[in-house]
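Have the viewer open as you read.

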Amino acid sequence: MHYPIPASPEEIVDLHQEPVNEELVAAAIAGVIKIVRAQGQSLEELTAQVLADDSLLDVQQRRWLSDVVAQAWDSFS
């Protein structure tokens, strides 16, 4: 199944209704990058948000996700 890249925060939230798989996660990450760039934010700002403490991911998972987001950001340049 191919997921379109979300173009709004609402479309990203709507993804939670789909079964989680690698393709869905990739589409969500691409959507976040697209939205953040449209808002004029930088990779550094997005990285800070990913690394911010939350109850969903532990520190190691946030660092890993930050690296994945940075790689995806570079591939969309």
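This is a predicted model: local features need pLDDT of at least 70, side-chain atom pairs count only at pLDDT 80 or more; totals for chains, interfaces and linings use all residues.

Arg 63 is exposed, with a relative accessible area of 53%; the classes here are buried for under 20% relative accessible area, exposed for over 50%, and partly exposed in between, using a 1.4 Å probe and protein chains only. You will find Arg 63 in helix H4, where helices (H or I, at least four residues) and strands (E, at least two) are DSSP runs numbered from the N terminus.

Residues are numbered from 1 along each chain as its sequence is written, and side-chain values use heavy atoms, with hydrogens and water left out.

Stay on H4, which covers residues 59-75, and look at Ser 66. Is Ser 66 buried or exposed? Its relative accessibility is 8%, so Ser 66 counts as buried. Setting aside neighbours within four places in sequence, Ser 66 is in contact (heavy atoms within 4.5 Å) with Thr 47, Val 50 and Leu 51.

Those partners lead us to helix H3. H3 spans residues 43-51 and packs against H4 at an angle of about 155°, the two axes being 9 Å apart. Here, axes are lines fitted to C-alpha atoms, for helices over the stretch in contact, and angles run from 0 to 180 degrees between N-to-C directions. That angle makes H3 roughly antiparallel to H4, since angles under 35 degrees count as roughly parallel, over 145 as roughly antiparallel, 65 to 115 as roughly perpendicular and the rest as oblique. On the H3 side, the contact is made by Leu 43, Leu 46, Thr 47, Val 50 and Leu 51; on the H4 side, by Arg 62, Arg 63, Leu 65, Ser 66, Val 69, Ala 70 and Trp 73. H3 passes H4 in a right-handed crossing; a crossing is left-handed if the near helix is turned anticlockwise from the far one by less than a right angle, and right-handed if clockwise.

The loop between H3 and H4 holds Leu 57. With 24% relative accessibility, Leu 57 counts as partly exposed. Not counting residues up to four places away in sequence, Leu 57 touches Arg 62 and Leu 65. Leu 57 and Ala 70 are 13 residues apart along the chain, and their C-alpha atoms are separated by 17 Å.

Now turn to helix H2, residues 22-38, whose axis comes within 10 Å of the H4 axis and crosses it at roughly 65°. H2 and H4 are therefore roughly perpendicular to each other. H2 contributes Ile 29, Ile 33, Val 36 and Arg 37 to the contact, and H4 contributes Leu 65, Val 68, Val 69, Ala 72 and Trp 73. This crossing of H2 past H4 is right-handed.

What does the charged end of Arg 37 sit over? It sits over the ring of Trp 73, 4.3 Å from the ring's centre; the criterion is NZ of Lys or CZ of Arg within 6 Å of the ring centre and within 35 degrees of the ring normal. Arg 37 and Trp 73 are 36 residues apart in sequence and 9.5 Å apart C-alpha to C-alpha. Arg 37 is partly exposed, at a relative accessible area of 30%.

Finally, visit Pro 9 in helix H1, residues 9-14. Pro 9 is partly exposed, with a relative accessible area of 44%. Its C-alpha lies 7.8 Å from that of Val 32, which is 23 residues apart from Pro 9 in sequence.
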